[in-house]
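This report concerns a model that is shown below.

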Amino acid sequence: MKIFVKVFASLRKKYPNITDLNPLEMEIDKGTTLAQLIARLNFNQEEVKIILVNGLRASVEDIINEEGSIISFFPAVGGG
Amino acid sequence: MEFGYMNKWLKVNLTLKEFKDFSISEDILRKYVGGKGIAVHLLWKYVSKLEEKGINVKDFDALSSENMLIFATGPVTGTRSPNSGRHHVMALKSPLTGSIGSGNSGGRWGAKLKFAGYDGIVVIGKTEKPVYISIIDGSVEIHDATELWGKNSIETSNHLRNKHDKKRAGVSCIGPAGENLVPMAVIINEEHRAVGRTGLGAVMASKNLKAIIVEGNSKPNIAKPDEFNLKVKEHVEKLKENGVTGEGLPTYGTAVLVNIINQNGMFPTKNWQTGVNPDAEKISGETLTEEYLIDKHPCWGCVVACGRKTKVDKGNYKITYTEGPEYESIWALGGTTTINNMAAVIKANHYCDIFGMDPISVGSSIAAAMELNEKGMIPEEDLQGIDLRFGNADAVIELTWMTAFRQGLGFWIGEGSRKMCQHYGSPDLSMSVKGLEMPAYDPRGAKGIGLNYATGNRGGCHVTGYTIAAEILGDVDRFTTEGKAELTKIFQDFTSLVNSSVNCLFLTFALGLDEYAEMIGPITGWDVNSDELLTIGERITNLERMIINKFGITGKDDTLPKRLLEEKMPEGPSKGQTVDLDTMKEEYYELRGWVDGIPSEEKIIELGLK
């Protein structure tokens with residue numbers, strides 16, 4: 001199943017070329033959880049604070065169900 | 001009051017060119033703490049005085065000499081407690097909105113005012129010729145400022161620091177936009193820090209007051225220094241360990257929000273016609289850091305350093321040095337206008353800083369003009385050849401300086417989107433609340449911030465109660481209306497307390513009410529706890545509300561633009577959403593003890609405001 005991964009802010013230290021305009025295309029097995037995807041990307045779960053699947057909040061135990069899903073990973077971010 | 005305060009306020013009557021010191025009693029300080037709280041208290045007293053004189057405050061002109069302008073610090077300002085260089089400014093009335101004038105600024109001016117020997121300054125009246133005020137080591141003087149009139153914020157600040165031979169002095173001043181009485185003019189300090197919202201620069205200018213320079217060597221006494229120093233250390237550690245204040249903000253500045261807000265489908269685009277901007281990455285914090293950042297730039301005593309020193313090396317918008325832009329400026333000048341060009345945003349933001357204007361109101365009003373033009377509402381002759389399309393960066397730059405100098409269509413931009421959209425026959429295209437342009441979060445994607453915009457006393461404002469911290473950056477369901485009344489109330493009351501302390505709202509990403517008690521207690525010697533502090537915040541919010549009620553602002557004004565209430569978000573992750581404001585507002589009024597936006601008699605008595 002094909003998905004698109006976007007990483008932001010300090011998570012780009014590991015993947016400097018993955019941006020909103022240039023997401024990473026990945027093949028995953030059906031039933032893959034976000035925790036497994038995080039591990040496959042070599043992130044620690046602690047550094048990923050906010051996960052969006054197609055713009056909606058998700059948690060690490062959620063399973064990625066939809067072909068073509070956009071998964072966005074953020075560290076702790078804030079501002080005003 | 002022995003500790004935390006300088007025990008001295010300055011009252012300046014510019015009409016009489018007189019000034020005198022006064023003090024605030026400890027029982028009033030305990031009720032309102034400082035900063036915004038004391039300013040609201042003084043404005044409420046002033047309303048009574050005006051009413052006694054038979055003046056109807058409802059019809060009161062914000063640019064009349066009788067408007068009161070207050071610069072205020074609090075007990076935390078200027079101490080070793082982190083991020084405490086800030087100050088709060090208020091006016092009885094805003095020339096932009098007709099509601100109360102209120103703004104808060106970073107920099108170092110707040111701390112320097114205390115070092116100069118004062119907790120705050122109250123200004124009334126108007127001089128015939130331009131003046132500036134110096135407060136150096138407790139000595140106050142009013143000087144002629146004719147030679148400063150026309151100078152921008154950088155020129156003014158440099159001139160005054162050189163003239164007084166005080167290289168690190170704090171200078172608050174107005175730029176040409178203020179002098180031209182643009183209703184969205186700001187008061188700038190340290191060249192790039194603004195008391196940004198509600199047009200307080202125009203109020204200062206209407207008094208012919210160009211600047212206030214402050215410097216000195218006094219320090220507030222601390223009641224329990226050992227306990228205080230221990231708590232300072234703990235608070236700094238918490239700020240360093242927190243992901244937002246320890247890494248996100250220092251590395252990327254507030255612009256780190258561009259991508260996450262856009263990924264949630266609530267980054268207002270094309271004057272809020274949609275919440276999705278496919279090119280937001282080009283104006284993101286990541287892009288700013290990679291391509292334009294020289295260094296970070298902390299305010300006085302700041303351990304976060306979200307401020308940016310930036311430059312543009314190539315292209316049409318070259319600039320060798322400026323500061324910013326931050327998230328809101330980027331969105332207003334570059335996102336809702338859809339120019340998606342960081343270099344142009346940096347240039348337009350620089351113009352806002354040196355001419356002295358609020359980039360949120362400027363950018364948002366330009367975007368409203370773009371939509372008016374898209375719908376054919378602006379006559380050809382008013383456009384004067386400007387190609388006012390969404391996405392045209394040159395038009396944004398041109399209109400920014402035209403706004404400062406009230407040229408052509410810039411006149412109407414400067415009047416604010418409410419008046420401009422009324423003038424061109426489409427009032428619903430103004431994305432404002434109570435006449436104040438809303439900031440960069442579409443509440444169709446986070447309902448609590450919509451309630452906060454609607455009920456904010458100064459108008460459409462995020463830093464009245466930043467529920468985004470819970471709804472987008474935290475774990476609260478962003479689409480539900482359930483629980484948002486309580487969330488909004490707590491955020492608003494806590495923020496009133498922060499703005500009275502006075503320190504930086506960003507501390508609250510890492511520090512809560514308990515930590516505020518740990519600052520204010522040892523500084524003042526008061527035995528305060530978080531409940532008392534939240535009640536103080538509630539008291540200030542209510543008293544401010546009682547003032548705007550005097551202007552005829554009530555429940556009917558606690559609303560949102562029709563677009564957010566009725567037009568479904570057309571695309572993206574927030575697709576199909578509107579804001580069900582009435583449900584939240586009813587619950588909010590009940591929690592607040594308000595009837596139709598007016599504090600009830602019982603609430604007034606409960607908070608000791610009778």
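At what angle do the axes of helix H11 (residues 327-335) of chain B and helix H12 (residues 342-355) of chain B cross? The axes cross at roughly 110° and come within 9 Å.

## Basis of the report

This is a predicted model, in which local features need pLDDT of at least 70, side-chain atom pairs count only at pLDDT 80 or more, and totals for chains, interfaces and linings use all residues. Residues are numbered from 1 along each chain as its sequence is written, while chains are lettered from A and ligands numbered from 1 in the order in which they are written.

## Helices H11 and H12 of chain B

Two packed helices are described by the angle between their axes and the distance between the axes. Axes are lines fitted to C-alpha atoms, for helices over the stretch in contact, and angles run from 0 to 180 degrees between N-to-C directions. The value for this pair makes H11(B) roughly perpendicular to H12(B); angles of 65 to 115 degrees count as roughly perpendicular, those under 35 as roughly parallel, those over 145 as roughly antiparallel and the rest as oblique.

The crossing of H11(B) and H12(B) is right-handed, a term used if the near helix is turned clockwise from the far one by less than a right angle, with left-handed for anticlockwise. Ser329(B), Ile330(B), Leu333(B) and Gly334(B) in H11(B) meet Met342(B), Ala344(B), Val345(B), Ala348(B) and Asn349(B) in H12(B). Here two residues are in contact if their C-beta atoms, placed from the backbone, lie within 7 Å. The contact of H11(B) with H12(B) comprises six nonpolar, three polar and no charged residues. Ala, Val, Leu, Ile, Met, Phe, Trp, Tyr, Cys and Pro count as nonpolar, Asp, Glu, Lys and Arg as charged, and the others, Gly among them, as polar.

## Two partners of helix H20

Helix H20 (residues 484-501) of chain B and helix H24 (residues 581-592) of chain B have axes that come within 8 Å and cross at roughly 50°. H20(B) and H24(B) are therefore oblique to each other, and their crossing is right-handed. The residues of this contact divide into four nonpolar, one polar and five charged.

The axes of helix H18 (residues 447-455) of chain B and H20(B) come within 9 Å, crossing at roughly 55°. This pair is therefore oblique, and H18(B) passes H20(B) in a right-handed crossing. Four nonpolar, five polar and two charged residues make up the contact of H18(B) with H20(B). Lys484(B) and Ala485(B) of H20(B) are among the residues that meet H24(B), and both are also among those that meet H18(B).

## Chain B as a whole

Chain B has 25 helices and 19 strands; these are DSSP runs numbered from the N terminus, with helices (H or I) of at least four residues and strands (E) of at least two. The C-alpha atoms of chain B fill a box of roughly 60 × 55 × 55 Å, taken along the principal axes.

Of the 610 residues of chain B, 63% count as buried, that is, with 20 or more other C-beta atoms within 10 Å of their own, against 12 or fewer for exposed and values in between for partly exposed. Ile28(B), in helix H1 (residues 26-32) of chain B, counts as partly exposed because there are 15 C-beta neighbours inside 10 Å.

## Contact between chains A and B

The contact between the chains joins 21 residues of chain A with 29 residues of chain B. Strand E3 (50-53) and strand E5 (70-74) of chain A each supply at least two residues of the side of chain A that touches chain B. That side has 10 nonpolar, eight polar and three charged residues.
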